[in-house]
Amino acid sequence: MLRHSAAAAALVGAALFTGAAFAQSGKVTIVTSFSKDVTDPFKQAFEKANPGVTLDVQNRNTNAGVKFVEETKANNQVDIFWASAPDAFEVLKGKGLLQKYKPKAEGIPEKIGSYPINDPENFYSGFAASGYGIMWNDRYAKANKLPEPKDWQDLAKPVYFDHVSMAAPSRSGTTHLTIETILQGEGWDQGWRTLKEVSGNFSQITERSFGVPEAVNSGQVGFGIVIDFFAFSSQASGFPVKFVYPTVTTIVPANVGVIANAPNKAGAEAFVDYLVSPAGQEVLLEPSIRRLPVNPAVYDKAPADYPNPFKDASLGARVKFDVDVSEKRTNVVDVLYDQTVTFQLDALKAATKAIHDAEAAIAKKDNAEAKALVKEARDLVAAMPVTEQEASSPEIAGAFTGGKQKGARQAELEQQWASFAKERYQQAQAKAEQAQKLAR
Amino acid sequence: MAGATTAGRAQTPSASSKRSKRLSASPGQVAVALGIAAFLVLFLIVPVGTVIYVAFTEKGTGEFTLVNFLDFAQTDLFIRSFWNSLYVSAMSVVVASVFALPLAYITTRFEFRGAMLIQTLGFLPLIMPPFVGAVAMLLLFGRNGTVNLLLDDWFGVKVPFMEGLNGVIFVQAVHYFPFILINLSTALRNIDRAMEEAAQNLGSSGFRLFRRIVFPLAMPGYIAGASLVFVKVFDDLATPLLLNVKDMLAPQAYLRVTSIGIADPMGYVISVVLICMSILAMWVSARAMRGKDYATVQRGGGGLAKRRMRPWESAIAYAVVLLILFLVLAPHIGLLLLSFATVWSFSPLPDAFTLAHYGRVFGESFIYVKNTMVYASIAGLIDVVLGTAIAYLVLRTKLIGREWLDWAATAALAIPGVVLGIGYLRTFYDVRLPNGTPLAAFWIVIVLALAIRRLPYALRACYAALQQISVSLEEAAENLGATKLRTIRRVVLPLMAGGILAGFVTSFATAAVELSATLMLVQSNADAPLAYGLYVFMQSAAGRGPGAALGVIAVLLVALCTFASHLIIEKSQKVKAAGR
């Protein structure tokens with residue numbers, strides 16, 4: 001038996017060898033949201049390691065990429081989907097558009113930070129990780145005499161009013177994860193309170209992830225909540241920007257998956273294997289890419305100051321993250337944020353400004369009644385139209401998936417939530433203005 | 001018979017008798033109409049229909065319903081977005097007219113050195129490459145752009161050029177005013193000089209002459225341009241999104257259509273609303289022209305008499321022209337600076353300059369340039385052929401339902417590129433070529449998508465050109481024994497040449513920088529156009545400079561083509577004038 005399997009292994013090995021030789025003649029088609037800075041070094045390294053194979057990299061934003069794979073499934077020509085956002089892979093997996101594949105690489109742990117690296121069912125694999133943090137334009141901060149932030153809560157301070165930016169969680173899978181982590185870490189009510197206090201200081205909410213670093217780089221916005229590599233690659237390009245990981249931050253993986261019915265399955269699998277192999281992991285250390293490898297051994301080759309989430313507990317390990325909880329309410333959280341913050345930003349900012357002014361007045365001249373009013377105003381801002389239980393209930397979550405069952409329509413819920421938030425922001429503004437008068 | 005010229009529509013009472021006479025249009029005309037209808041059905045209506053039918057289905061059951069439209073009307077956000085879109089579009093037409101009128105008037109009415117250069121430069125804003133255009137604009141006019149940093153430094157004030165709806169109006173007016181400029185200039189050139197001379201002989205002059213004679217005669221061109229600006233701004237999603245204005249209709253549709261994992265019909269409902277509004281706007285503009293006759297009999301000779309300016313007049317004219325040019329070319333000035341800049345961040349000007357970005361894009365941009373030229377020229381060609389044919393059918397025949405051709409083609413303006421892209425994938429991906437690859441993977445599909453998206457531009461230009469030609473010229477030709485086809489070939493087409501060329505240039509230039517449908521349809525780097533290459537660069541910090549360099553190359557390329565076509569117009573008019 002043993003000999004049998006040994007022979008089989010030898011056969012498989014030979015097949016693999018020749019298989020690799022076969023795979024060498026071919027094109028691997030990749031749909032990705034990564035920029036040239038990331039894809040070019042990998043393309044070069046992979047093609048060098050596998051002579052004869054060419055990578056055809058098609059750059060699309062994540063949304064367009066998902067739609068493309070979905071619409072072309074009947075006659076699929078794509079081998080690999082390669083992007084950051086885990087939710088995009090979840091959608092593809094849910095629609096049966098991914099193919100199971102467990103990479104051969106060894107030494108890759110279960111989790112990075114508190115987030116599982118690979119899909120438990122092996123439909124997609126993490127190959128790199130990134131942490132969220134705060135990036136700012138140094139010239140902007142100096143010109144406006146703004147202090148350097150250290151933590152998320154700092155961004156809620158009055159000095160940063162109208163100076164901060166973030167991508168909408170509904171448009172950026174990684175921002176979504178950051179928000180979800182705050183909600184899980186601080187609890188539903190307190191989490192939303194923190195989020196709204198920070199959001200009240202936003203000058204804009206962008207529609208693309210890259211919109212935030214772009215605005216910070218050009219100095220249109222001072223501070224941005226971004227993934228680390230946006231900041232690092234901006235620094236590498238010479239922009240006067242700085243970056244800090246808050247004491248508690250999230251680590252989110254970037255993923256790769258083989259498309260179902262891939263025309264070049266062998267080539268696709270070879271690419272996935274390469275990405276998580278030590279050689280592929282080392283490519284991540286290049287300055288223009290600078291993402292965190294998922295293989296802990298590779299950090300030995302990294303520069304001394306390279307962040308290492310496997311050793312540094314503040315990088316992700318302190319945060320707890322429950323994937324099941326997150327999955328159930330993904331759409332609800334996104335739409336809640338859009339309806340109560342993104343599309344109500346003017347009202348939220350007006351309320352926030354009034355609260356800041358009232359508190360400044362109270363700091364100069366204490367007034368118990370005014371304090372109570374400000375507290376009421378803050379509670380009004382923080383109020384949410386749905387509870388944590390409701391958010392993951394099938395009735396509400398079902399409104400967003402277009403499922404077979406009848407029920408509340410998305411538009412109805414959106415209208416309710418938006419008017420709920422708008423009303424309360426206006427009341428909060430009125431109360432805060434009243435408080436300011438009392439404290440004068 | 002003069003009453004039955006251009007503007008006489010089937011609805012006018014007097015037309016009924018003529019309809020019976022002409023109802024059976026020639027078989028050739030019917031065939032052409034059917035051919036165009038088939039093209040539009042196949043490449044516009046079916047693909048879009050496969051996507052937006054969702055707007056009319058009930059959640060869960062998939063049955064027909066209008067409840068989604070009720071939701072639209074009951075959602076504050078959508079209603080707010082609707083009014084915002086309407087306001088921004090109307091104001092953009094006003095501001096764009098302020099830019100376009102002086103340029104068009106001065107360059108066509110006066111002996112003005114550099115008129116042709118101004119026409120070309122004035123056309124450039126239309127070629128605003130995606131992403132980089134907005135970045136450049138922000139670096140100049142943004143909250144911490146050049147202008148505001150200097151103002152803050154000198155006077156301690158900042159002007160919110162780019163904030164909120166005003167920012168959108170400003171950018172859109174700069175971006176789309178060439179629609180008015182190009183159509184109005186063509187119309188001014190086509191005005192019969194005798195009309196003006198008659199008015200002068202009767203004692204009219206100066207502003208009165210302009211207001212009562214010249215401008216009304218050029219009305220078809222102005223309306224063609226203004227309606228395009230209105231519809232285009234109403235349906236544009238890129239500019240508001242890049243300025244982070246989300247409460248307008250087109251951005252709302254886009255955000256909803258492209259959100260992953262959410263099955264929400266509202267994006268498609270908004271698309272339907274956009275299509276209806278665009279058709280309505282075109283219908284209103286057609287109605288405004290109804291019952292008026294803009295055709296003139298005498299043609300050629302370079303249009304209006306060009307007057308020589310007195311020195312002080314010419315000084316004012318130059319000042320006005322330069323000021324407008326500076327404003328509307330600001331994005332391109334910014335783009336040029338950006339393409340040479342090392343780092344440009346929170347400062348009035350870049351820190352230093354370099355040629356490195358051009359070096360980086362030089363090698364790989366060749367394939368993009370080639371593809372762009374091929375795609376955009378074929379698309380432009382398809383557009384003017386279809387545009388001329390549709391204009392002819394609508395204005396010169398009494399075919400039943402001919403306006404629908406016009407409206408269907410115009411509706412393309414309102415369809416978000418991403419919806420068209422998804423529709424094409426859905427419709428054509430299952431159709432396989434002989435070698436097994438999907439039809440949608442073939443580059444010709446990109447060309448067709450571009451042609452459909454830019455058809456309204458060419459159509460409006462051709463339409464306006466034909467409106468200005470008196471039908472009596474054709475009748476004269478036919479009375480002399482020429483066949484319909486020969487009349488079209490020898491009389492109509494040569495007289496429309498200016499308008500057709502204007503249409504081609506507009507379609508070509510805008511197709512060259514289109515991204516949203518292209519991004520969905522590009523299937524390999526070898527088939528990718530410039531706009532796609534630009535998009536790829538603009539996704540990273542290090543790509544900003546190279547992206548801008550690629551943008552400059554795109555603009556130069558299209559500008560050269562435009563300049564060449566202006567040369568052709570001038571030359572052909574000189575030939576005509578000499579032959580007279």
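Figure 1. Distant parts of chain B are linked here: Phe141(B) belongs to helix H6 (residues 132-141), and Phe161(B) to the loop between helix H7 (146-155) and helix H8 (164-190), 20 residues apart. Phe141(B) counts as buried because its relative accessibility is 7%, under the 20% cut-off. Phe161(B), with a relative accessible area of 25%, is partly exposed.

**Figure 2. The ring pair of Trp154(B) and Phe155(B).** The ring centres of Trp154(B) and Phe155(B) are 6.3 Å apart. Their planes stand at 80°, so the pair is classed as edge-to-face, the class for angles over 60 degrees. Trp154(B) and Phe155(B) are both exposed.

**Figure 3. An aromatic cluster in chain A.** Seen here is one cluster made up of Phe34(A), Phe42(A), Phe46(A), Trp82(A), Phe127(A), Phe271(A) and Tyr274(A).

**Figure 4. Arginines over aromatic rings in chains A and B.** In chain A, the face of Phe232(A) has Arg290(A) lying over it, 4.1 Å from the ring centre. In chain B, Arg460(B) is placed over the face of Tyr463(B), and the distance to the ring centre is 4.9 Å.

**Figure 5. The salt bridge between Glu376(A) and Lys431(A).** Over all chains, 39 salt bridges are found in the structure. In the one shown, the closest N and O atoms of Glu376(A) and Lys431(A) are 3.2 Å apart. The partners come from distant parts of chain A, with Glu376(A) in helix H14 (residues 368-382) and Lys431(A) in helix H17 (residues 410-439), 55 residues apart. Glu376(A) counts as partly exposed because its relative accessibility is 37%, between the cut-offs of 20% and 50%. Lys431(A) is also partly exposed, at 25% relative accessible area.

**Figure 6. A salt bridge between chains, from Asp71(B) to Arg409(A).** The closest N and O atoms of Asp71(B) and Arg409(A) lie 2.6 Å apart in this salt bridge. The pair crosses between chains: Asp71(B) is in helix H3 (residues 67-74) of chain B, and Arg409(A) is in the loop between helix H16 (394-401) and H17 of chain A. Both Asp71(B) and Arg409(A) are buried. For the complex, the predictor gives an ipTM of 0.85 and a pTM of 0.85.

**Figure 7. The salt bridge between Arg396(B) and Glu474(B).** The side chains of Arg396(B) and Glu474(B) meet at 2.9 Å, N to O. Arg396(B) and Glu474(B) are both buried.

**Figure 8. A salt-bridge network in chain A.** Asp138(A), Lys142(A), Glu148(A) and Lys242(A) are joined into one network by salt bridges that share partners.

**Figure 9. Residues 1-23 of chain B and the confidence of the prediction.** Chain B has a mean pLDDT of 83, with 91% of its residues reaching 70 or more. In residues 1-23 of chain B the pLDDT is below 50. Beyond near neighbours in sequence, this stretch has 38 contacts in the model.

Definitions and conventions. Residues numbered from 1 in each chain as written. Chains lettered and ligands numbered in written order. Heavy atoms only, no water. Helix = DSSP H or I, 4+ residues; strand = E, 2+ residues; numbered from the N terminus. Buried < 20%, exposed > 50% of the residue type's maximum accessible area, 1.4 Å probe, protein only. Phe/Tyr/Trp six-rings, centres within 6.5 Å; stacked < 30°, edge-to-face > 60°. Lys NZ or Arg CZ within 6 Å of the ring centre and 35° of its normal. Salt bridge = Lys/Arg side-chain N within 4 Å of Asp/Glu carboxyl O. pLDDT = per-residue confidence, 0-100. Contact = heavy atoms within 4.5 Å.
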